[in-house]
Amino acid sequence: MLRKTLFVLAIASALTACGKESKDPGKGGKGAKEQAGAAVNLLVSPEDLLTIQSNALASGPVITGSVQPERNADLRAEVSAVVIQVMKENGEVVKRGDVLVRLDETSIRDSLNSAEEASRASGQVLEQAERMFQRMKTLRASGMTSTQALEDAEIRRNNAQSDLSAAKSRAAQARQQLQRTLVRAPFDGIVSERKVSNGDTAQIGKELIKVIDPTSMRLEGLVSADKIGVVKVGQPVLFRINGYPGQDFTGKVRRVDPAANAVTRQVAVLVDFNDKEQPRVAGLYAEGRIETDSISALMIPDSALVKAGDVTYTWKVKDKALHKVNLRIGARDVRTGQWEVQSGLVSGDTVLRTPGSTFKDGQKVELTAGKAVPAAAVASSSTAVAGKGN
């Protein structure tokens, strides 16, 4: 009985509350309307507004590619030997002539010693053959030997000379091979890739270590073949590099390849850096535009744009009210970071510089005088006005 009594009392209380709310419907509706009306008033300072104007927009074909060093050396083994020691690791700075890799020189040094001994022996044989030839020459002048004997002595001397030259050549070759067991840096730079370790067997032509000069970076880009007709040597290039966000780089076209790739239908274009500060890492992706022409276009900063999926819009201020305007955006000016407005706005339109997320289409705008309200505080201003209305 107690449980049923509590249940009946709960239902009676709920009905009583509903009756009170229904007796005063106008009061609640009026308050909601007043609150909604107050929320649309938006305080905006002149510094929060931006007037859309036409500016010069650099136009030209898009270039994509990677940053590569002009000076790079892929050092390979010139002799067959075992790797004794790798002196440098990836990223270490090297100077020209520094030893990077040492190869086993035992067999090559033995060959050098043998060639040098053979050279000394051939030199002694040549000296003896030369003395014999001179002796036979004197005897022939006095008629004490035959012409045949003289010719035989001359032949032995000539053969000894040939043997000596061959022995010296083998010694020089062995000496050169011995020098090749020390792989040295061809220029100042850094080690970009170590490809062997101690104990590896290096055959002739095997890649050992790679050295690059980080101060000789350049953009090795590709341009579509249907746009290559407007690209000329010396034209300025503006581009960005992956890994350096917010930083723009400038350069100029150094070379345009005379042939397009048969598969991709793209043409290679080489671009030199104008900036002294260059990326220190090779192989980074880069994308930009070759400035072949300049046009006048409506421009809008990125801060004034709002993106919702595939739709891009901005908040235009007209007749003291906000109007949501969908835009069609074109190319981005790398120099200024602004975007081309292809449709949706005209020159002279006023938009919010930094729109908030709580704005509504048709919301009333009140322009304040005196001290400017920061753009970040525009949304909080509308909240304060709503509070006064309540």
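The legends below describe close-up views of aromatic rings in a predicted model. Residues are numbered from 1 along each chain as its sequence is written, and side-chain values use heavy atoms, with hydrogens and water left out. In this predicted model, local features need pLDDT of at least 70 and side-chain atom pairs count only at pLDDT 80 or more, whereas totals for chains, interfaces and linings use all residues.

**View 1. The stacked pair of Phe239 and Phe249.** Six aromatic pairs are found when the whole structure is searched, a pair being two rings of Phe, Tyr or Trp (its six-membered ring) with centres within 6.5 Å, called stacked with planes under 30 degrees apart, edge-to-face over 60 and tilted for the rest. In one of them, the ring centres of Phe239 and Phe249 are 6.1 Å apart and the planes lie at 20°, so this pair is stacked. Because Phe239 belongs to strand E14 (residues 236-241) and Phe249 to strand E15 (residues 248-256), the pair ties together parts 10 residues apart in sequence; strands are DSSP runs (E, at least two residues), numbered from the N terminus.

**View 2. The edge-to-face pair of Tyr244 and Phe249.** With centres 5.9 Å apart and planes at 85°, the rings of Tyr244 and Phe249 form an edge-to-face pair. Tyr244, at 22% relative accessibility, counts as partly exposed, while Phe249, at 1%, counts as buried (buried is under 20% relative accessible area, exposed over 50%, partly exposed in between, with a 1.4 Å probe and protein chains only). Ring pairs link Phe239, Tyr244, Phe249 and Phe273 into a cluster.

**View 3. Charges over the rings of Phe133 and Trp339.** Arg157 lies over the face of Phe133, 4.5 Å from the ring centre, and Lys307 lies over the face of Trp339, at 5.3 Å from the ring centre; such a charge has NZ of Lys or CZ of Arg within 6 Å of the ring centre and within 35 degrees of the ring normal.

Definitions and conventions:
Helices (H or I, at least four residues) and strands (E, at least two) are DSSP runs, numbered from the N terminus.
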